[in-house]
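Here is a short briefing to read with the model open beside you. It starts with the ligand and its surroundings, then turns to a few backbone details.

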Amino acid sequence: MSKTLAAITGVHGYVPDYIMTNAELETMVETTDEWITSRTGIKERRVLKGEGLAASDMGKEMVQGLLEKTGTAPEEVELLICATITGDRVFPDTANTILDKVNAKNAFGYDINAACSGFLYALTTGAKFIESGTYKKVVIVGLDVMSSILDYTDRSTCIIFGDGGGAVLLEPNEDGFGIVDSVLKADGNGRQYLNMEAGGSLKPTSAETVANGEHFIHQEGRTVFKYAVRGMSETIKDVLDRNNMDKGDISWLIPHQANIRIIQSVANALDFPMEKVIVNIEKYGNTTAGTLPLCLWDFEDQFKKGDNIMLTAFGGGFTWGSTYLKWAY
Ligand code: UT7
């Protein structure tokens, strides 16, 4: 019998109904559909609208759908980890609010704040509870409501991001299917290039921070772009080397959806064919912790049992990494 792995046994995504097109953004900031499409690959993104709706409401949709699809009763869930930077509140965490909203009374939960790499951090962490034999049903959620921290007068950020995400169920597998290996990295010095300055203990929210727009996301796009290409390419190579694999062994490469040019640059750096690279950025934009589970959900029908899937991400922190898994169904 091989070592126990944590296998993804189901995935369910959710995006809000409201579609914000590039044409709508043209009416809000000085930009064009042509610029956004050619520089980022994005045609439209979703925006959560509605009084009182927040991250946990999207999370509830994802987790309820996941539990129904996998035939799991809410009370069977033992742990839920939610990767997000746009939780309902600074505290308490959104994981526990989601558990409450889906009526999962026997679980505990916590949030992970690793921006666009959050889903990989959460997936890797959750897998350890399964591998160690501690738990048998762990839910990993990756979602963001980026519209809640976007400045819709800043054309360098508001055109990229959107709202959405997904959830996966992790269960033990003794037959070699599941999460095999991850290389995760961080460099806190990157905080200067991608952040939200106010609202924490460094700069508690005040009239001045609001007037300065410090409650919005700030990004130095060109710098982040370069680090992102390098970080994702290097960690994919690290994972391949550690597992005595070659790029030809990868069935699907699923990169964080931040910019089609970043995705193409990573594929180029690895000399990897774009036909095997999963892309849905045109529909949803960059949903931060939501992009990877949204890709798994969108392309679930194309995956076959035993496919070697490489997930890779880069984001605020800086945080980055790659995870290799064998698809289990
Ligand atoms: O997901 C977490 C990590 N984030 C990322 O990975 C994002 C990484 N960065 C990027 O994707 C890109 O840097 C952006 C999409 C953010 C920006 O694209 P870029 O090709 O790097 O543009 P740039 O910032 O170098 O700006 C080029 C020009 C500038 O004009 P000048 O100075 O050359 O006259 C900008 O003012 O494009 C201008 N520009 C725009 N023009 C029309 C910037 N945003 C826009 C816009 N529409 N929305």
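Helices here are DSSP runs of H or I with at least four residues, numbered from the N terminus. With that numbering, helix 8 gives the most residues to the shell around the ligand, namely 4. Please keep in mind that this is a predicted model. The ligand lies between domain 1 (5–175) and domain 2 (180–326), because both give residues to the shell around it.

**The shell around the ligand**

- In total, 23 residues surround the ligand, and the closest are Thr31, Arg222, Asn259, Arg261 and Asn286.
- Sorted by class, the shell holds 10 nonpolar, 8 polar and 5 charged residues.

**Polar side-chain atoms at the ligand**

- In Thr31, an N or O atom of the side chain is 2.6 Å from a nitrogen atom of the ligand.
- For Arg39, the distance from a polar side-chain atom to an oxygen atom of the ligand is 2.8 Å.
- His256 has a side-chain N or O atom that is 2.9 Å from an oxygen atom of the ligand.

**Cover and pocket**

- On its own, the ligand has 950 Å² of accessible area, and the protein covers 75% of this.
- The ligand takes up the space of the second largest pocket.

**Cis peptide bonds**

- Phe91 and Pro92 are joined by a cis peptide bond, with omega at about -5°.
- To find Pro92, look in the loop between strand 4 (79–83) and helix 4 (94–101).
- A cis peptide bond also runs from Gly317 to Phe318, where omega is near -5°.
- Phe318 has its place in the loop that links strand 12 (308–315) and strand 13 (319–326).

**A positive phi value**

- Ala115 is a residue other than glycine with a positive phi, near 50°.
- The loop between strand 5 (108–112) and helix 5 (118–131) is where Ala115 is found.

Methods
Residues are numbered from 1 along each chain as its sequence is written. This is a predicted model: local features need pLDDT of at least 70, side-chain atom pairs count only at pLDDT 80 or more; totals for chains, interfaces and linings use all residues. Side-chain values use heavy atoms; hydrogens and water are left out. A residue is near a molecule or strand if one of its heavy atoms lies within 4 Å of it. A polar contact is a pair of N or O atoms within 3.5 Å; within protein, one must be able to donate a hydrogen and the other to accept it, and residues adjacent in sequence count only if both atoms are side-chain atoms. Accessible areas come from the Shrake-Rupley method with a 1.4 Å probe; for residues, only the protein chains shown count as cover. On a 1 Å grid over the protein atoms alone, a cavity is a set of points where a 1.4 Å probe fits but cannot get out, and a pocket is an open set with protein on both sides within 12 Å along at least five of seven lines; lining residues have an atom within 4 Å of a point. A molecule sits in a cavity or pocket if more than half of its atoms lie within 2 Å of its grid points. Helices (H or I, at least four residues) and strands (E, at least two) are DSSP runs, numbered from the N terminus. Ala, Val, Leu, Ile, Met, Phe, Trp, Tyr, Cys and Pro count as nonpolar, Asp, Glu, Lys and Arg as charged, and the others, Gly among them, as polar. Domain bounds come from an automatic or database domain assignment.
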